[in-house]
Every structure is written in structure tokens, then in C-alpha cells.
Amino acid sequence: MGWSLKFAPQMSEIQYLNWQQLVEQRAGIWFGPQGSILESGVMRRMRALGEQNFDDYYQRVVSGSEAMLEWRELLNTLTVQESSFFRDAAVFDCLRGFIQQKMTNTNDIQSLDMWSAGCSTGEEAYSMAMVARESAETLGGQIYYGVTGTDLSSTALTTARQGIYSERAIERIDVNRQRCHFEQQVGGARVVQELRERVCFIRSNLLEITELPRIEMDVIVCLNVLLYFRNERRAEILHNLVDRLKVGGMLIFGQNEMMGWRNAKVQRLPSRNINAYIRR
């Protein structure tokens, strides 16, 4: 019998724990109680393969000549997040103010280097580049700016590098912004070349930050990513991100993703809407 919603299998508690441990051991990602997106993601990948038994599919992922290839496909399925341009208005308002301040004080800065950590399909990274471009045009600045986007999903990064998005994906963007930052195509639009050249996408796990090239950033944005990790790993990631900030650089992460976090190297900006910190 083929797959259907009515006859879809359900993981036993033991099966779920096995999958949960495998994903955390290999990727550091922690999914919550049974019934979370881990189970639905595994089922979605099984459906694509025609697999109907969780144990058989588990063995397919952990053993055999094609196990690592299948693991990467599953990881892509589990980690592709829903994303959108200018997703959190408060974040980008804060970012705009910070960038304009930096560009105004050009004697103190040679370039503006930004990082979208957990960039998914690229909307966040391109939004950051758009804010920098708009700020430069408003202030008449000649400063160089660039954005590095990192994510664990190679599938998401392929979309990000292409910079092509559906009409639905850009419909909430102001019309003037659409005209300035996109080239219309059949069924959608593509980010203009000037911006695509300012954004670089790299596959990376946030738990492996120390293995990335040692480049200090003016801005690091990490939104809707820390929720995939246990609290102690969230704190570890944030401490490592702070170490990648320039003095005076800014770190922004999700409002509810890490409560009560402290680091002596940064000072929190007074805001109720976002978690934003400046490197001392």
C-alpha cells in the first residue's frame, strides 16, 4: 500500500530516541519531544524514497556504501527553514541604524563585514545587503560592504546562491525595494547582480565556528537557529560568535532563543524587542 496521510506510520518511543540521538551526535541539532519536526522530516524523506519502515530507513542512513549521501539528503530535509525577506522589522531597523552610524564614521571603518548565521535560502543575507546598499546610497558613502551567509543545508544554499525567488516570496517587500533590488523574471524575480556579488554563501555547522576562516565581523545576525540546540550548546555558539566580532561590532539573535545569557565581552543594547549586543 502506498503512502497516504491515513496510513502514514508513526515512530515508537524507542525509534524516536534513536533518531534523536543520531541527529544530535552527527549534527549537534536537538529536536524536542516526540511529534516534533524531526519525525515529520524523517517521514517526508521516507515518502520521497518509498520507504515505509523507520528501522529499515535508519539502517539505510547509518550503514552501507550510500549511507553518508542519504544522511546529507535527510539533513537537508530536516534543516531547510521557512524564511522571508525582512522577517523581523525590529531587527532590520536596529541594523539600519547601526550601519548608518558606522558609515557616518568612515574614519573608523574600512569595510562593513556582515554574517547571516543560519541563512537558510538566503532571504536574510540579501535583506542585510539591501539595508547596507540603501544606507550607502542615502549617505553617499563609498565604504565596501559584504555579507557571508552560512547554513547546514546544501539544498537551501543552492537556492540562496541562485538568488531567484517566487512572486509570493517578494510580495511583502515594498514596491520601490522590489524595483531597486530585483530583476523581474517569469513567475518571480532575481536579486540584482550588484547585490549577489556582495553576498557569499558557505556550508557550515554553527558548532564548527572555530573551523571557519578567522574573519572578524561588524555584524552577526543569528535568528531562529539556536532553537535547534540544547541550552548549553546555544551558549557555546553565542560565545564563539562574540569572539568573531570586531570591537564595536553587533550581535543580534532571536528574542526568545536564549534567556539570561551573559558574556563579559559584550554589552546588551536597551531594547525590549530584540537581543542585540555590542562588542566592548
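Reader: How many disulfides does the structure hold?

Author: The structure holds zero disulfides (a disulfide is a pair of cysteine sulfur atoms within 2.5 Å). This is a predicted model: local features need pLDDT of at least 70, side-chain atom pairs count only at pLDDT 80 or more, and totals for chains, interfaces and linings use all residues. Residues are numbered from 1 along each chain as its sequence is written, and side-chain values use heavy atoms, with hydrogens and water left out.

Reader: Which is Cys222, buried or exposed?

Author: Cys222 has a relative accessible area of 0%. Buried means under 20%, exposed over 50%, and partly exposed in between, with a 1.4 Å probe and protein chains only. Cys222 is therefore buried.

Reader: Why does Cys200 count as partly exposed?

Author: Its relative accessibility is 41%. That value falls in the partly exposed range, so Cys200 takes that label.

Reader: What makes the phi of Phe86 worth a note?

Author: Phi of Phe86 is near 50°, a positive value in a residue other than glycine. Phe86 sits in the loop between helix 4 (67-79) and helix 5 (89-104). Helices here are DSSP runs of H or I with at least four residues, strands are runs of E with at least two, and both are numbered from the N terminus. At 15% relative accessibility, Phe86 counts as buried.

Reader: Where is Asn224, and what is its phi near?

Author: Asn224 lies in the loop between strand 7 (217-222) and helix 11 (231-242). Its phi is near 55°, also positive in a residue other than glycine. At 32% relative accessibility, Asn224 counts as partly exposed.

Reader: What makes strand 1 largely enclosed by the rest of the structure?

Author: Seven of the seven residues of strand 1 (residues 111-117) are buried, so the strand is largely enclosed. Both faces are covered. Ser111, Asp113, Trp115 and Ala117 are buried on one side, and Leu112, Met114 and Ser116 on the other.

Reader: How do you know that strand 1 pairs with strand 2?

Author: Count the bridges. Strand 1 and strand 2 (residues 144-151) are joined by seven, in the parallel sense. Pairing takes at least two bridges found by DSSP, so these strands pair. Strand 1 also runs parallel to strand 7, with three bridges. Met114 is one place to look: its bridge partner in strand 2 is Val147, and Val219 stands opposite it in strand 7.

Reader: In the open sheet of seven strands, what is the order?

Author: The order is 6-2-1-7-8-10-9, with mixed pairing. The twist averages 20° from one strand to the next.

Reader: What order has the open sheet of three strands?

Author: The order is 3-5-4, with antiparallel pairing. Strand 3 (164-166) and strand 4 (182-185) are the edges, since each has a single partner strand. Strand 4 is joined to strand 5 (residues 188-191) by four bridges. Gln184 stands opposite Ala189 in strand 5.

Reader: Why are helix 1 and helix 3 called roughly parallel?

Author: Helix 1 (residues 13-27) and helix 3 (residues 54-62) pack at about 20°, with axes 11 Å apart. Axes are lines fitted to C-alpha atoms, for helices over the stretch in contact, and angles run from 0 to 180 degrees between N-to-C directions. Angles under 35 degrees count as roughly parallel, over 145 as roughly antiparallel, 65 to 115 as roughly perpendicular and the rest as oblique. Helix 1 and helix 3 are therefore roughly parallel.

Reader: What is helix 2 to helix 3, roughly parallel or roughly perpendicular?

Author: Helix 2 (residues 37-49) packs on helix 3 at about 85°, with axes 11 Å apart. That makes the pair roughly perpendicular. Contacts (heavy atoms within 4.5 Å) join Val42, Met43, Arg45, Met46 and Leu49 of helix 2 to Phe54, Tyr57 and Arg60 of helix 3.
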